Amino acid sequence: MRLLILILLLMSAGVFRSVTAQEDVGFVSDLRPYHPGEDGLPASRYLTSIHFKVLFGGIIIGKARIDGFPDSLNFIFDTGCGSVSLDSTTAAGFGMVPRTSSAVIHGVGGICPQRLVDSQSLHLGDITIDSLSVQVCDYDILSSIYGEKIDGIIGYTLFSRYLVKVDYDKQRMDLYTRGPITYPRGGYLLKPRLFGLPMLEGQVADARDVRSRFYFDTGAGLCLLFSTSFATDSAVFSPKRKKPVRIQGAGLGGKTEMQLTTLRNFSLGPFRFRQIPTYIFEDAYDVTSYPQLAGLIGNDLLRRFNLILNYDRSEIYILPNESYGQPFDYSYSGISIARIGGKIVVTDVMTESPGEKAGFREGDVVLAINKDVGQDLQAYQAMLRAIGPKVKVLVQRESGDLVMLSLKVTSIL
């Protein structure tokens with residue numbers, strides 16, 4: 001038996017989409033009162049709303065509480081997670097002692113034993129889900145990259161119990177009781193297969209047109225992820241395409257190296273995207289379940305739609321939103337930065353990358369970027385995605401020396 005968590009965080013600071021001002025406004029982004037039924041969904045079945053904010057890569061994070069503890073915790077809402085999980089540090093702070101089960105969890109970077117805390121309650125807005133077995137995992141790497149504490153992940157346990165509307169324009173998630181509904185006009189109804197996680201068909205086109213199945217994964221901070229086996233067997237990419245760049249990815253189990261390239265076309269229902277940043281990795285731990293699945297569709301693409309998740313009917317409705325026409329991010333620096341011990345630190349430098357050529361070293365402490373000494377991690381990550389003028393980065397070496405580095409961020413196109 002195995003469990004699957006597809007929370008995936010790409011580490012290279014230069015391969016993330018820029019965070020817009022709209023996305024960095026906190027958890028309450030729409031202060032207007034919500035009137036059930038105003039969006040066409042059944043007012044009589046409305047239960048509660050949860051405000052969220054969008055982190056880079058499209059990941060959404062909102063507040064919830066566990067059991068009787070009064071603290072509101074930061075949870076990622078992830079269709080690619082089959083349960084509810086807590087960070088091990090958070091669990092230890094609450095005095096929880098997990099038990100180890102016979103199951104294991106497969107992640108992109110390795111396999112971890114499953115650890116559980118039983119008989120827990122999850123409080124979201126005005127609803128409570130009781131009698132849960134909550135997984136306990138180490139999410140320190142997520143907290144360090146996002147620059148704020150990630151206390152856990154909420155997945156199928158929530159989405160399977162309710163009708164869930166995810167509105168990225170208003171940064172709000174509305175929960176209703178399950179059942180049939182009339183969907184709004186202008187979107188498209190997907191019919192995923194649901195075996196704990198949603199799987200659906202998409203059309204990829206480059207050197208060849210290929211139709212295959214993918215995980216629908218709002219917890220993956222990317223557009224598309226293919227296994228090396230799928231990319232090789234399908235011959236979907238043109239051999240004449242620009243050489244892919246190397247990047248560092250991370251997820252449950254640790255880090256893994258990937259390649260970053262672009263795919264000419266990808267279609268989800270009637271909606272077509274062009275020149276999509278696409279990641280390819282050696283799926284040593286069978287995360288993508290090839291050949292049953294080609295890979296996954298991540299939230300840097302899915303965030304361009306408002307979603308209605310109706311798992312009870314095996315339906316997902318996608319409706320283009322205000323972000324639908326936003327350009328993709330094609331920048332590449334080849335370095336990763338994270339907040340570690342209160343400092344912003346260079347954690348990875350890819351060989352032959354712009355970052356290596358600029359002189360970055362693992363362990364460098366970032367003191368300022370373009371004279372900005374504010375130590376705002378997400379602001380620094382955005383600066384390291386700026387294609388054009390060279391980025392000036394002041395670092396402190398492990399020896400204590402101060403060095404000014406000049407980084408030329410390149411494009412993968």
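Over the ring of which residue does the charged end of Arg241 sit? The ring is that of Phe237, whose centre is 4.5 Å away from the charged end of Arg241; a charge sits over a ring if NZ of Lys or CZ of Arg is within 6 Å of the ring centre and within 35 degrees of the ring normal. This is a predicted model, in which local features need pLDDT of at least 70 and side-chain atom pairs count only at pLDDT 80 or more, while totals for chains, interfaces and linings use all residues. Residues are numbered from 1 along each chain as its sequence is written, and side-chain values use heavy atoms, with hydrogens and water left out.

**Aromatic pairs**
- Rings of Phe, Tyr and Trp (its six-membered ring) pair if their centres lie within 6.5 Å, and planes under 30 degrees apart count as stacked, over 60 as edge-to-face and the rest as tilted.
- By this rule the count comes to 17 aromatic pairs.
- One of them is the tilted pair of Phe56 and Tyr146, with 5.0 Å centre to centre and 40 degrees between the planes.
- Phe305 and Tyr324 form an edge-to-face pair, with 5.6 Å centre to centre and 70 degrees between the planes.

**Aromatic cluster**
- Phe237 also belongs to one aromatic cluster, together with Phe214, Phe226, Phe230 and Phe266.

**Burial**
- Both Phe56 and Tyr146 are buried, where buried means under 20% relative accessible area, exposed over 50% and partly exposed in between (1.4 Å probe, protein chains only).
- Phe305 counts as buried because its relative accessibility is 0%, whereas Tyr324, at 26% relative accessibility, counts as partly exposed.
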